[in-house]
Amino acid sequence: MKKLYIIRHGETEYNKLGMVQGSGIDAPLNDTGELQAEAFYQAYRHIPFQKIYTSNLGRTQQTVKKFINDGIPFEALEDMREISWGSQEGVAFTPESSTEYQRICESWTQGDLTAKIQNGESPIEVAERQKRAMDHILSQSDENPVLICIHGRAIRIMMCWMLNYPLSHMDHFAHTNTGLYLVNWTGSQFSIELFNETSHLEP
């Protein structure tokens, strides 16, 4: 069995201010995000990770930098980046500006998984590239356990296809900054052992 510790990156100012990031915004962690990353490190530094994977966006690499500094091998995968929100990236959530974002999310919930914001990506496109990245990760038989740091919407999409849920159910999967999904791979199927585990963030 291969254990995959999959976490969302720490908080950025875009998260704090309720602004869309996506794959086109490469924002760093803010002070809260740094504290979240430190809390995760202190809680899980005892796990003998054999490899770290992140997206190619800086906020994921910042979140796990202390593990990387410990000498654990590290690889950034472009296919693990966040969904592209296209023209909505960098836009604050207001009643006026969020209409298109909300419309697209509602389309996904209703089953239109090819829908996407102008210049953005659909959930199907994200799932396809995630599967390429995961095939690469799972092919490394000597890497177990593995730490993977990615993004919120990316986690929702990933959990659906891992568990054979329709992608229209993605909003059932919560994602907190540095929240952990512990996923087991048996060689033929995935199962979730921990679901958005956040006890490391408690006072």
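**Note on helix packing, pocket lining and backbone features**

1. The buried residues of helix α5 pack against α6 (123-138) and α7 (152-162), where contact means heavy atoms within 4.5 Å. Helices (H or I, at least four residues) and strands (E, at least two) are DSSP runs, numbered from the N terminus. The model is a predicted one, in which local features need pLDDT of at least 70 and side-chain atom pairs count only at pLDDT 80 or more, whereas totals for chains, interfaces and linings use all residues. Residues are numbered from 1 along each chain as its sequence is written, and side-chain values use heavy atoms, with hydrogens and water left out.

2. Which residues of α5 are buried? In this helix, residues 99-109, they are Y101, I104, C105, S107 and W108; buried means under 20% relative accessible area, exposed over 50%, and partly exposed in between (1.4 Å probe, protein chains only). These residues lie on the same side of α5 because they cover an arc of only 155° around the axis, the arc being that of the directions from the helix axis to the C-beta atoms. Just after α5, G111 adopts a positive phi of about 105°.

3. T109 also belongs to helix α5. With a relative accessible area of 41%, T109 is partly exposed. Leaving aside residues up to four places away in sequence, T109 touches S168 and D171. Between T109 and S84 there are 25 residues of separation in sequence and 18 Å in space, C-alpha to C-alpha.

4. Helix α7 is mostly covered, with 11 of its 11 residues buried. Among them are the arginines R153 and R156, together with C160 and W161. The cover over the buried residues of α7 includes β1 (2-8), α5, α6, β4, β5 and β6.

5. The largest pocket holds about 290 Å³ of space. On a 1 Å grid over the protein atoms alone, a cavity is a set of points where a 1.4 Å probe fits but cannot get out, and a pocket is an open set with protein on both sides within 12 Å along at least five of seven lines; lining residues have an atom within 4 Å of a point. Grid points are joined across faces, edges and corners, and a volume is the space filled by probe spheres set on the points.

6. What lines the largest pocket? Its lining comprises 19 residues, of which R8, N15, E82, W85 and Y101 lie nearest the centre. The elements that give two or more residues to this lining are α1 (13-17) and α7. Helix α7 supplies the largest share, three residues. By type, the lining divides into six nonpolar, eight polar and five charged residues; Ala, Val, Leu, Ile, Met, Phe, Trp, Tyr, Cys and Pro count as nonpolar, Asp, Glu, Lys and Arg as charged, and the others, Gly among them, as polar.

7. A search of the whole structure finds zero disulfides, a disulfide being a pair of cysteine sulfur atoms within 2.5 Å. C105 is in no disulfide, and the nearest cysteine sulfur, that of C160, is 13 Å away. C105 counts as buried because its relative accessibility is 11%. For C149, the closest cysteine sulfur is again in C160, at 20 Å, which is too far for a bond. C149 is buried as well, with a relative accessible area of 0%.

8. Most residues other than glycine have a negative phi, and most peptide bonds are trans. The peptide bond from N144 to P145 is cis, with omega near 0°, and P145 is found in the loop between α6 and β4 (146-150).

9. Two asparagines have a positive phi: N164, at about 60°, and N196, at about 50°. N164 lies in the loop between α7 and β5 (180-185), just after α7, whereas N196 lies in strand β6 (residues 190-197). Are these residues buried or exposed? N164 is exposed, with a relative accessible area of 69%, while N196 is buried, at 12%.

10. G90 is found in the loop between β3 (74-76) and α5. At 28% relative accessibility, G90 counts as partly exposed. Not counting residues up to four places away in sequence, G90 touches Y14, M19, V20 and I25.
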